[in-house]
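Biologist: Please take a close look at one part of this model for me, namely the pairing of charged side chains, and set each pair in its place in the fold.

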Amino acid sequence: MEHLKWLWILAIILVFLTACNESIQTAEPTEENGSELNADVVNMHGGISGLGKMENYFQRVKKQKKGDLRVVSYTIEGDPILTDLAYDGKQIDVTFDYTRDQYGDGEVESFQCGKLNREENPTNLSYYLTGCEGVKGETWGVLETSYDVKRQDVFEVELRYGPKEGEKQTIQVDDEDKQEVYKQLVLANYLDSKPTSDECPKGKQADNYLMKVKINGGGRTLNWNACGSHESSKPFTDIAEYIIYASQHPTKSSENVVYGYILEVKENQILIGEDLTAPDLVSLEKVKGEDLANLNGTFLYVETEDAQEFSKGDKIVLKVDEVLEEGSPGRVRASDIQTITE
């Protein structure tokens, strides 16, 4: 009986732990999926499908060509939020529909914006609107994806390749190249996309690829050949070729290079947020320096004699000469600071 009692207690504990674990995970879509909602781009908690359509739309608007785009983003609970963009050659009409969000206000917002922007940083990519009427800071974020490999506890990639089975070479990605490989995998939506193999034309010999990706507690194995003609295959072939090239031409470490927006300027010091986007800058407008430690991001106080040459809101790149204090906000000394313009 005592043994049976402990089995029951163990079962109850396991059920409790399982319930807790499930409660912190993001949910799958609760209603319509992206195709049923006629989505061009789907943002599933940072995993983005249709990123090429987003980029094509950006280029189209840049050339002042009319067009529409629908972006569907899912909440943690699995509810879809729709963003419709309609460009008439002069301005962009925006319709933001969150009537399907069970925890939202169930409203539809409409407003106009002047310009669609694209911002690519070392650890994130964002598309956002500016010149928006009645919107805080006249800025509205449309789509953002993050690919900061430092935020992952474990990230390992192994590539095997060769023309025939049994003749494959194995490459493991060096630390200096992990950021770029992780970025390319995220942009290829590697968790939800799968490269395919096609039969090669007669007389053509192509490499076969086997890529093993390990991230934190999970893993994924991808297997395909260079003859894959499907649009989902090319990004992975490009990643494989980058890994092969990087193994022959190792990347020099650039850990001392930092990108960021200036949040504050003092006499011999500036405060920056690393790899922020323009919409992030608007949301941080009223945040004080002492509150930064509570935010999810990396912030730095930069000591420099050239501080007065810069202004709040400038986007800069700098080379760190000396780390004075670790943490966030940390403190560094830098002398080579350049302003980044569009």
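Modeller: What follows is a short account of the chain as a whole, and then of the pairs one by one.

This is a predicted model, in which local features need pLDDT of at least 70 and side-chain atom pairs count only at pLDDT 80 or more, while totals for chains, interfaces and linings use all residues. Residues are numbered from 1 along each chain as its sequence is written, and side-chain values use heavy atoms, with hydrogens and water left out.

The chain has five helices and 18 strands, where helices (H or I, at least four residues) and strands (E, at least two) are DSSP runs numbered from the N terminus. Of its 342 residues, 39% are buried; buried means under 20% relative accessible area, exposed over 50%, and partly exposed in between, with a 1.4 Å probe and protein chains only. If one takes the contacts (heavy atoms within 4.5 Å) between residues at least 6 apart in sequence, 57% of them join residues at least 24 apart.

Side chains of opposite charge can pair when their charged atoms come close. The structure holds 15 salt bridges, each being a side-chain nitrogen of Lys or Arg within 4 Å of a carboxyl oxygen of Asp or Glu.

One of these joins the side chains of Glu55 and Arg118, with 2.8 Å from N to O. This pair links distant parts of the chain, since Glu55 belongs to helix 2 and Arg118 to strand 7 (residues 115-121), 63 residues apart. Arg118 counts as partly exposed because its relative accessible area is 33%.

Strand 7 also supplies a partner to the next pair, in which Lys315 meets Glu119 in a salt bridge whose closest N and O atoms are 2.8 Å apart. Because Lys315 lies in strand 17 and Glu119 in strand 7, the pair ties together parts that are 196 residues apart in sequence. Both Lys315 and Glu119 are buried.

Salt bridges that share partners join Glu303 and Arg331 with Glu322, Glu325 and Arg333 into one network.

Leaving aside residues up to four places away in sequence, Lys319 touches Asn256, Val257, Ala334, Ser335 and Asp336. Lys319 and Tyr259 are 60 residues apart in sequence, whereas their C-alpha atoms are 9.1 Å apart in space.
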